[in-house]
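Q: I'd like to go through the sheets and helices of this one. Can we start with the terms?

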Amino acid sequence: MMRPSILTFLLILLFDFGFCQKYDAEVIEYKTSCFIDGNNLKVYKSFIIQINNRNGEKYGFFNVPYSKNEPLTGLIASVHDAEGNEIKSLKKSDIVDRNAYSDYLYTDDFVKSFQLKHSEYPYLIKCSYAREEKNFMQITHWTPVLYESIPTRNATLKVNIPPNYKFKEYSKDVALASKDTADDLVRFEWRASYLKPIKEEIFSNPNNYYPQVIVVPEDFKYGIEGSNNSWEAFGTWIDNLANGLDVIPEEELPVINNLINGLTDKREIVKVLYHYLQDHTRYINVSIGVGGYKPYPAKYVSINKYGDCKALTNYMKALLKHAGIRSYYTLVNSGDQPEAIFKEITTNQFDHVILAVPLENDTLWLENTSNINPFAYLGTFTQNRDALMTNASGSRFVKTPSLKEDMVTGSKNITYTLNLDGTAKVSLKNTYRGDDFETLNAVSNNFDEETKDEIVRNAMNFENYEVTSWEIGKRHRDSAKIVLHATLDLHKFVNSLGTDYFFSLNPVGLPGFTNTANRTLPVELPYPIVQKDTIKYNLPEGYTLKNKYEPVNISTSYGTFDLKILSENNTVTAIKSLRIFPGTYSLEQYPEFYAFIESVRKTEKAKIVIKQP
């Protein structure tokens, strides 16, 4: 006999089966219930997923999270066929317990991993479990998005709170469905769906567009007493967590003193101590203790020479304190694309910690987890976004500095020597800044020679080529630019056209923006894109440019592009300059933005035709 709940969902499936078949899998139902029970928070979750084909089987692989602070109970899962008959239930032997993060040295976070599947499609997977948190600072940060790439048909969130319990709530694109009082609890229910999955798109962050609900207690005890009543109060809690953890061991003090003795310029002192941090510690993830929020003491880092972002930042803060320089532990969301902070509600919405060091005429920003970062360089990982600078006497939001044009401008200086048999010799000197600098700097420092060689050879922006030599160079450790020198042999580069020959311009390197019909999210450019290239083509003996090429100047509110093609004796020179301005461009603006991108692409498709006199 079929269970009523399964029958209900099968009726939904049959009613709109065509919708389901658009996707490899689909979340039919997703339920979350939260109960405040004294000082404990109990969370119940259940979901039903329909697997439609072989590609959808990956959605039958589960990692259910838990921790020492959030033990897991009542894990039940089963597979049902299209008629609702139970085929298989999850056994204890099917479950593998493992560390939640493979790159963590120590962690209190774990997952129970298992996979359920069936040979006939479609089939259903039903799963439910509960977690209990003995200390909590957040009741829920919920979204109907269980998986980014497949829809959720029906999702509900229920929050059950004692009548006099003080809390705050915030919702984005989710309406409160009901509120009532029963069994001495105030019951809230939100309902939502996620019917059109948001695709990953270049220069946009899908997380900013998911519907969500956040519910937090006004006051909490999480390690120590804390408050979500204001961002200032929350910052005070963060600051207080680190009280007494900034003591440098006595045996290390003479080493530090020796480094900074005689230095009077505070910026220079900060630089010296930052280099000391980089040279004597390494980043290792550690997530144990107070939910991973409390940093390990400076003494721990000093002795062990490693730590996570919290521990290393706290250690750097302690080094500066010993030198008489004030600095501020600052919470930020990391990633190439900034993630929105919902300032309307106070709760932890951050995943990283950096250090702000205010000086007389400037504020230095230190990324303490990188051994290869230039001094006072945040880079694309944390630049240009809201951050919470914590201080027990007054925490506040600040904006991390944005990368300016001079910090992201890349350049290519390339010389081609062309041959009529179609081949060409190429010599290049490419200078990288910004995101490209960070990538190449990581390649240069973090890989062995064989892997480095493979990456560099495969990354050349040419077709039909062989790399004959290459070299990566950086002037000094704090330089925010890196230079690649290389020589290549090209094949099939020069093509015949009757008695003439032609070849293509070296492209300026546009980001891969899709056409207007396929773009679904606004463009969010957190920093400018600037490229300036000089490309020289040494022509075969006796050949000259056949046609005159007029200068191109494209100027829009989204960016500019200039191209000049010059000819002198046996040499053709193309001089290019591309600028794409930072900013957020709506879907209504995107057709104009994309028209600018397309105009640059079209210009670059021009063929250079050469002839004999």
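A: Two strands pair if DSSP finds at least two bridges between them. Helices (H or I, at least four residues) and strands (E, at least two) are DSSP runs, numbered from the N terminus.

Q: What kind of model is this, and how are residues numbered?
A: This is a predicted model, where local features need pLDDT of at least 70, side-chain atom pairs count only at pLDDT 80 or more, and totals for chains, interfaces and linings use all residues. Residues are numbered from 1 along each chain as its sequence is written, and side-chain values use heavy atoms, with hydrogens and water left out.

Q: Ok. Which residue stands opposite Tyr465?
A: Leu490 in S29 does. Strand S28 (residues 465-473) pairs with S29 in the antiparallel sense, over eight bridges.

Q: What else pairs with S29?
A: Strand S27 (residues 424-432), also antiparallel, over nine bridges. Within that pair, Leu428 stands opposite Ala486 in S29.

Q: How many residues of S29 are buried?
A: Seven of the nine residues of S29 (residues 482-490) are buried, and the strand is mostly covered. Buried means under 20% relative accessible area, with exposed over 50% and partly exposed in between (1.4 Å probe, protein chains only).

Q: Which sheet do these strands sit in?
A: An open sheet of eight strands, in the order S28-S29-S27-S26-S33-S37-S36-S35, with mixed pairing. S28 and strand S35 (552-555) are the edge strands, and each pairs on one side only.

Q: What does S35 pair with?
A: Strand S36 (residues 559-568), in the antiparallel sense, over four bridges. Ser555 stands opposite Thr560 in S36.

Q: New topic. How do H5 and H7 cross?
A: The axes of helix H5 (residues 266-280) and helix H7 (residues 309-322) come within 10 Å and cross at roughly 140°. Axes are lines fitted to C-alpha atoms, for helices over the stretch in contact, and angles run from 0 to 180 degrees between N-to-C directions. H5 and H7 are therefore oblique to each other. Angles under 35 degrees count as roughly parallel, over 145 as roughly antiparallel, 65 to 115 as roughly perpendicular and the rest as oblique.

Q: Which residues make the contact?
A: From H5, Val270, Leu273, Tyr274, Tyr276 and Leu277; from H7, Leu312, Tyr315, Met316, Leu319 and Leu320. Contact means heavy atoms within 4.5 Å.

Q: Back to sheets. What is the order in the sheet of four strands?
A: S30-S31-S39-S34, an open sheet with antiparallel pairing. Strands S30 (495-497) and S34 (544-545) stand at the edges with a single partner strand each, so one side of each is left without a neighbour in the sheet.
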